[in-house]
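Hi,

Here is the structure I promised to pass on. Have a look at it first, and then read on for what turned up.

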Amino acid sequence: MKTKAKEQPSFREKIQVRLVGEEAFFGPGPRQLLLGIQEKGSVAGACDAMGISYSKGRVIIRRMEKELGFELVERRQGGSGGGSAGLTEKGEQFLEIFARYEKAVKDYAERTFDDHFGKLEVTDQ
């Protein structure tokens with residue numbers, strides 16, 4: 001086997017940040033649900049856009065709120081046209097903080113990837 005000159009590995013890191021309390025409660029799916037509620041103005045609309053049932057969406061929201069200890073989603077009862085929903089101020093703040101945290105974690109992983117895997121020698125097989 002010949003050892004080639006140092007080359008960049010043909011793979012990269014893939015970091016997926018999740019928050020865990022008693023159980024995992026926040027990651028890509030729950031974030032998508034909250035962003036969908038912001039965009040659609042309703043839990044049902046966000047669930048439809050994600051292809052999940054309304055009841056599953058409610059379970060996800062309850063789990064997040066239980067683990068965090070505060071409400072993320074403000075629900076407003078509706079009349080014949082239905083209700084609406086949006087994120088609470090703390091819900092919006094939580095999303096912003098998580099986005100900054102996730103970016104910091106991913107930036108760190110990217111910066112240190114080459115420090116660790118850049119030392120890996122690529123060989124011919």
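Predicted model: local features only at pLDDT ≥ 70, side-chain atom pairs only at ≥ 80, totals over all residues.

Gly36 sits in helix H1. Setting aside residues up to four places away in sequence, Gly36 touches Gly41 and Ala46. Its C-alpha atom is also separated by 8.2 Å from that of Met50, 14 residues apart along the chain.

Now for the overall layout. The protein has 4 helices and 4 strands, and from the N terminus on the elements run β-β-α-α-α-β-β-α. Of its 125 residues, 29% are buried. If you take the contacts with a separation of 6 or more, 56% of them join residues 24 or more positions apart.

In soluble globular proteins, nonpolar side chains tend to be buried together. Here the largest nonpolar core holds 20 residues, and Phe26, Leu34, Ile37, Met64 and Val73 touch the most other members. At least two residues of this core come from each of strand S2 (24–26), H1, H2, helix H3 (54–68), strand S4 (82–87) and helix H4 (89–117).

- Phe26 is in contact with Val17, Arg18, Leu19, Arg31, Leu34, Met64, Phe94, Leu95 and Phe98, once neighbours within four places in sequence are left aside.
- Leu95 belongs to helix H4 and is buried, with a relative accessible area of 8%. With neighbours within four places again left out, the contacts of Leu95 are Phe26, Arg31, Leu34, Leu35, Gln38 and Leu87. The C-alpha atoms of Leu95 and Leu34 are 8.2 Å from each other, although 61 residues apart along the chain.

Ser42 is found in the loop between helix H1 (28–40) and helix H2 (43–50). Ser42 counts as buried, because its relative accessibility is 18%. Not counting residues up to four places away in sequence, Ser42 touches Ile37 and Ala85.

Within H2, the buried residues are Val43, Gly45, Ala46 and Cys47. Just after H2, Gly51 takes a positive phi of about 75 degrees.

Last, the packing of H2 and H3. Two packed helices are described by the angle between their axes and the distance between the axes. The axes of H2 and H3 come within 9 Å and cross at roughly 110 degrees, so H2 is roughly perpendicular to H3. On the H2 side, Val43, Ala44 and Cys47 take part, and they meet Tyr54, Gly57, Arg58 and Ile61 in H3. By class, this contact has 5 nonpolar, 1 polar and 1 charged residues.

If you open the model in a viewer, you might begin with Gly36 in H1, move on to Ser42 in the loop between H1 and H2, and finish with Leu95 in H4.

Best wishes, and happy browsing!

Notes
Residues numbered from 1 in each chain as written. Heavy atoms only, no water. Buried < 20%, exposed > 50% of the residue type's maximum accessible area, 1.4 Å probe, protein only. Contact = heavy atoms within 4.5 Å. Core = buried A, V, L, I, M, F, W, Y, C linked by side-chain atoms within 4.5 Å. Axes fitted to C-alpha atoms, helices over the stretch in contact; angles between N-to-C directions. Parallel < 35°, antiparallel > 145°, perpendicular 65-115°, else oblique. Nonpolar A, V, L, I, M, F, W, Y, C, P; charged D, E, K, R; others polar.
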